[in-house]
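Please examine the sequence and the three-dimensional structure shown below before reading on.

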Amino acid sequence: MKYILALLLLTYQSSFAQRFSKADKKIVASLKTHINYLADDKLEGRRTGTAGEKLAYEYITGEFKNAGINPIQANGNYLQEFDVPEGKQINKETFFSVNDHSLILKEDFFPLAYSANASVQCDIYQSLKEQGEVWFFDIGEPLTNNSNNPHFDLQEAISKVSTDYSKKGATGLVIYNSSSIADNIKFDEKDKTASSKIPVVYLNIKAKKKYLADETSMHTLKLKVNIEEKKRIGHNVIGFINNNSATTIIIGAHYDHLGYGEDHNSLYAGTTPMIHNGADDNASGTAALIELGKILRSSKLKKNNYLLIAFSGEELGLFGSKYFTDHPSIDLSTVDYMINMDMVGRLNDSTHGLNIGGYGTSPAWNKMIDTTNKYFKIKLDSSGTGPSDHTSFYRKDIPVLFFFTGTHMDYHKPSDDADKINYSGELQVIKFVYNIIKSSGSMGRFAFTKTRETSTGKNTFKVSLGIMPDYTFSGNGVHVDGVSAGRPAEKAGIKVGDVLVQLGENKFSDVQTYMDALNKFNKGDATKVKLIRGKQELTLDIIF
């Protein structure tokens, strides 16, 4: 899951270890305090946008304040807010009445998630199906006619009817099911289907028979649909050590975790909801960030400023770090490099394996890293991307390093608890990172180098387009955040900023449905990809 890179510390076993030896017990005690608090049940898994996240960011903010690490934002606040789209929700203003009888929302009727927001009032004879402003459509007919058709897509059929009826003058569509065949239609808050041009409402057959039984009489309909975006608010915590330098080093770690697994990113197989405390992932990195901040604040390392960022929203798709890099508190051109610590609390006492990613993002790392380190067995990964927050900075052409002590059986499970952390091992990681920062002070500005792309997702596929999806994109389709050199996407002419919507015959509305479409192809297959570039729709040939 998390990839890695490493550096040589020439003075590691001598001057540095001696200098901090008296402080080691204090640092370990502080790590225990931080991780035990952040991974406590009362924080309920630190899910982004929850009360548990609030307790966590208040704790981190308090630690920054106590260490003399100041806010950098113009408002003097440590917190940077960002939106996390949750899908859609039906506003209580939505209503439907027949002859002044108000129907019950979610019981008698509900709008489809892609319905247009609008109000309609009209008098209508149902028997004249193409009269009046609101038209009716019985989905029981196509369900019956296609009962043996495995390729029939009811949602697609309804969408097509909505489009056709609106072109013919309808300003609203009411669908119902007169057949005994289950339609499984519901308000899908995650639906990203492009909005229809008219309101589309599903009417329960019981309500239809009760209020609209007489199709030969005129009925007065009043309909209003109000669907709004549902969102929660995440919070990055940003502290700044200002040494009045022209350059800044960013050190980051995400502090959010999975809550009870509500976002379907847990590997827990049980059925009883349980708190995912995330002691290693990533209370460990957050604790290391706080302790590094304390050390840097009191150190004599003044050649750079230090920006410390505890990110939220990482588990949802790098929301916090992407928001920061798009809305930075400093000029990103002044950033020398970024260090990310994610899951640094489970160092194996037998192997001392330390993974370090980002090795290829600057030629400077090659000059600083020695894989024959006497304490750590270092495994390097050159890629500047991966499923953690350094990816967002690599996307801005900033050299990165990513530290990770390895995966384990408790990853993304409720069993990732504080009593399993190797605190003395994490202390050694902190010392190692500090020495990197110390030794980089004599290197001058770091040059940036592009590397191969590593997926930020956790799925494996038979084929790959060679794109990096933007997981924070809330529109219809997959927004391309990066294109790998020499891969099918680049060869086909796909560019950063394109929004992909279809592969072959397979339409998709988000990353998950894109992955489903991708898995239908094999290496060597040729197909077409449909995309939106600006206001233009394009179809390109692609070979996997």
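This report describes a sheet and then a helix.

The model is predicted: local features need pLDDT of at least 70, side-chain atom pairs count only at pLDDT 80 or more, and totals for chains, interfaces and linings use all residues. Residues are numbered from 1 along each chain as its sequence is written, and side-chain values use heavy atoms, with hydrogens and water left out.

**The sheet.** Strands of a sheet pair through backbone hydrogen bonds, either parallel or antiparallel. Here, four strands in the order E4-E8-E7-E6 make up an open sheet with mixed pairing. Strands (E, at least two residues) and helices (H or I, at least four) are DSSP runs numbered from the N terminus, and two strands pair if DSSP finds at least two bridges between them. E4 and E6 are the edge strands, each pairing on one side only. E4 and E8 run antiparallel and are joined by three bridges; Phe109 has Leu203 in E8 as its bridge partner.

| Strand | Residues |
|---|---|
| E4 | 109–111 |
| E6 | 134–138 |
| E7 | 172–176 |
| E8 | 200–203 |

**Helix H5.** Helix H5 covers residues 154–167. Its buried residues (under 20% relative accessible area, 1.4 Å probe, protein chains only) are Leu154, Ala157, Ile158, Val161, Ser162, Tyr165 and Ser166. They lie on the same side of H5 because they cover an arc of only 160° around the axis, taken from the directions from the helix axis to the C-beta atoms. The face turned away from this buried side carries Lys160 and Lys167, which are exposed (over 50%). H5 is followed by Gly169, whose phi is positive, near 115°.

Definitions and conventions. The expected span of a helix is 1.5 Å times one less than its number of residues. Contact means heavy atoms within 4.5 Å.
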